[in-house]
Amino acid sequence: MANLSTRFFGLELKSPVVAASCSMTGNLDQIRKIAQAGAGAVVLKSLFEEEIYVQLQEELNERKELAADPEYLDYFDYVIKEENLNKYISLIREAKSEVDIPVVASVSCISSSEWTLFARKLQDAGADAIELNLFIIPSNLDKNHEANEQFYFETVKKVLEVVTIPVTIKISPYFSNLGRVIKDMSATGIAGITLFNRFYSPDIDIEKGSLISADVFSSEKEYLQPLRWTGIMAPNADCPLAATTGIHNAETALKMLLAGASAVQVASVLYQEGISAISKINEGIARWMDTKKYGSITDFKGKLSIQADHAVAYERFQFMTYFGGKGF
Amino acid sequence: MQEYLKMEREQAWRIELRNQIKNKERTALPRVKMPEMDPQERICYQDREVNLGLDVENARREASRCMDCVNPTCIEGCPVSINIPKFVKNIERGEFLEAAKTLKETSALPAVCGRVCPQEKQCEASCFYTLKLKKDPVAIGYLERFAADYERESGQISVPEVAPKNGMKVAAIGSGPASLAFAGDMIKLGYEVTVFEALHEIGGVLKYGIPEFRLPNHIVDVELDNLKKMGVRFERNFIVGRTATFEDLKEEGYCAFFVASGAGLPRFMNIPGENYNGILSSNEYLTRVNLMNAANDEFDTPVLKGKNVAVVGGGNTAMDSVRTAKRLGAARAMIIYRRSREEMPARVEEVHHAEEEGIEFINLANPVEYFADEKGRVNRMRIQRMELGEPDASGRRRPVVVEGSETDIDVDVVVVAIGVSPNPLIPSALPELKVSRWGTIEVDPESMQSSIPELFAGGDIVRGGATVILAMGDGRRAAAGMHRYLTESK
């Protein structure tokens, strides 16, 4: 029988399939089912600093009628923050008492002081590891790439200074030199990097002439970008990598592992097919390993990464050779 | 109301007064300046008032600036609807006791309001001078204080008339401005009113929160005496819900309750090191000094007297705390506030007084961590610079962190004055009472009636935070609402 154990989040996981941070992982009942389905770990729904700001705006609007003393609302974001943190701490504690798989806290902040504050609290609450959800969309025209990157590096450094549990990061592909950023980030002392964050995307309704939300779930075809960068960076990074986005079945999970990922994070498929998708992926991986006579994940992990003489395939961007002379 | 005001305005003496000076001459007069004690002298005393009050001559001259408008918009700006032109015109004609009487028609605490109300945001903001002439408004607050002080000092204190007793007992819980306004109105309507106070002193935030250099306790006591003379009973050291339950009080004959238990739960920032010795809430700091005489060496109540005192916050409570620290001997008394000076919620006058007294303002800065010596006493705070981003729903620009801008400041006392949360005692004693997620009691905004029909509420416990005058307005509305409810329930 194939052994599916692997290491990510600085922890031993019994399966490489991890429930990614999503609304589902903010609910204790679902977390329990995720563990029962055989997930290697669960990353709790992210605690967003930005959400606290949104809640504050709602509260300020509601309170206008009461004409409360401005002094009362001046620091109300701290009240909302405390409420959010306390709820999150309760979720960590309850999840820890209910499931036997690692419980990873996920946090996404705007300022580095808040990252460190949140990280300390989540560690104190008993989280096994922390995933920093680094998600700035690089659309601020007043900031150059260095400023954004520096912010990320400083944040990671500060968080590592204040917590002792493993810290991983989840990043987007939006960097001017993604490979180098992953490489440098992997050497900071973090326990892993997850590629890539999937953002909310706008779409356009041409009939109504309005902006709409694109499909919130990933499709099975979206795995190629994380696959490429996992393949390129797994042999070059100083920490393990995990892949996410578009991983809906065992086949894609195996591709990520072959490219060098130590784990895969799944979310959309849990909504589309139910939590049982985790056990199906586990079963599919085990079946394939048995067929291929692999006893453990390490037997084949990274077998098809860039270092195994696959550089051309990973780094080729143009189609000319492939399509040349085929009449396209 | 409009008819009543019109009738009052048409009284012969008002007409005569209006005709004595042309409006052009009235509007040409500059606004009076409030005499103040010298900053260097006043910082030596915790209990000496900064504002010294107007003399008769200046008060009458200022009153003559008022044009006795046909449409007195100033009244709309007053949460307790004081007949402002009537009291001001009484001052102009020299009938100061009549002016005080007018104030007491609708306000139980004129000497208090004249000192601590943010008139610049209320009646004075709605004055014709402000709205139409774009000039300094009539100094309504100064005049209110003048009338109340004159009456007190004259010894001829009028006691408002009360209706014959109707045999019904009602209770007010808490003895701050909301309760006192409620009690004043209910006693006038003929109810037996008892005010229950958890502490040993009556007055609530007026006593424990506001320092004597802004509002001397003896001024509050005179207003309280007046309520006593009207028949209001005060019970000290009495925690409703603990000392006696609501059921106990009902058995004693109380048929309705007004809850104004305030916001006595201090808030902290929950940042690293905030539990070190030497870091305390403004509630604790001010209560020790204001209510428990900690500044007086003859009293046993201790208070930390730092050399480098940082006060976090930008409201009146922060100003009160930092100015108290200065009076307790701080060499460096600092305000640490994350927005700019213009966006501080404190009254402009308080900020101005603080500046005169040598308070250091460190704006656009926010604490992120505290450090302590080997004994656990705070000795340093780390602040980070902030810049202002887009305006938020309050209309003020949002403070945004400037990354990499941390600096350390030496401190030995830190007072956290970032607001308070509602007192949880009453809601916890009444599980069926509807409260918001923030612990405020939910009421009908007109009648102030809660989800428990015989229970009304107002002030901080409803709004989260309220100015003295807004709390008083709540108390008056609750009195009207309760009277209606009890009358209809008969």
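Biologist: What makes strand β4 (residues 254–259) of chain B largely enclosed by the rest of the structure?
Modeller: In this predicted model, a residue counts as buried if 20 or more other C-beta atoms lie within 10 Å of its own. In β4(B), 5 of the 6 residues are buried, so the strand is largely enclosed by the rest of the structure.

Biologist: How do you know that β4(B) pairs with strand β1 (residues 169–173) of chain B, and in which sense?
Modeller: Two strands pair if there are at least two bridges between them. β1(B) and β4(B) have 5 bridges and run in the parallel sense. Among the residue pairs, Lys169(B) stands opposite Tyr254(B), and Ala171(B) has Phe257(B) as its bridge partner.

Biologist: What joins β4(B) to strand β16 (residues 455–457) of chain B?
Modeller: The two strands are parallel and are joined by 3 bridges, where at least two are needed for pairing. Val259(B) stands opposite Ala457(B) of β16(B).

Biologist: What is the strand order of the open sheet in chain B, and why do β3 and β16 of chain B stand at the edges?
Modeller: The sheet has 5 strands in the order β3-β2-β1-β4-β16, with parallel pairing. β3 (233–235) and β16 of chain B each have a single partner strand, so one side of each is left without a neighbour in the sheet. On average, neighbouring strands are turned by 25° against each other, direction ignored.

Biologist: Which helices lie on this sheet?
Modeller: Helix α21 (residues 468–489) of chain B packs on the sheet and touches β1, β4 and β16 of chain B, its direction making about 155° with that of β4(B). Helix α12 (residues 177–188) of chain B lies across β1, β2 (192–196) and β4 of chain B, and runs at about 165° to β2(B).

Biologist: Which residues form the contact of α5(B) with α11(B)?
Modeller: Ala59(B), Glu62(B) and Ala63(B) of α5(B) meet Tyr142(B), Leu143(B) and Phe146(B) of α11(B). By class, this contact has 5 nonpolar, no polar and 1 charged residues.

Conventions: Residues numbered from 1 in each chain as written. Chains lettered and ligands numbered in written order. Predicted model: local features only at pLDDT ≥ 70, side-chain atom pairs only at ≥ 80, totals over all residues. Contact = placed C-beta atoms within 7 Å. Helix = DSSP H or I, 4+ residues; strand = E, 2+ residues; numbered from the N terminus. Nonpolar A, V, L, I, M, F, W, Y, C, P; charged D, E, K, R; others polar. Buried ≥ 20, exposed ≤ 12 C-beta atoms within 10 Å, placed from the backbone. Axes fitted to C-alpha atoms, helices over the stretch in contact; angles between N-to-C directions.
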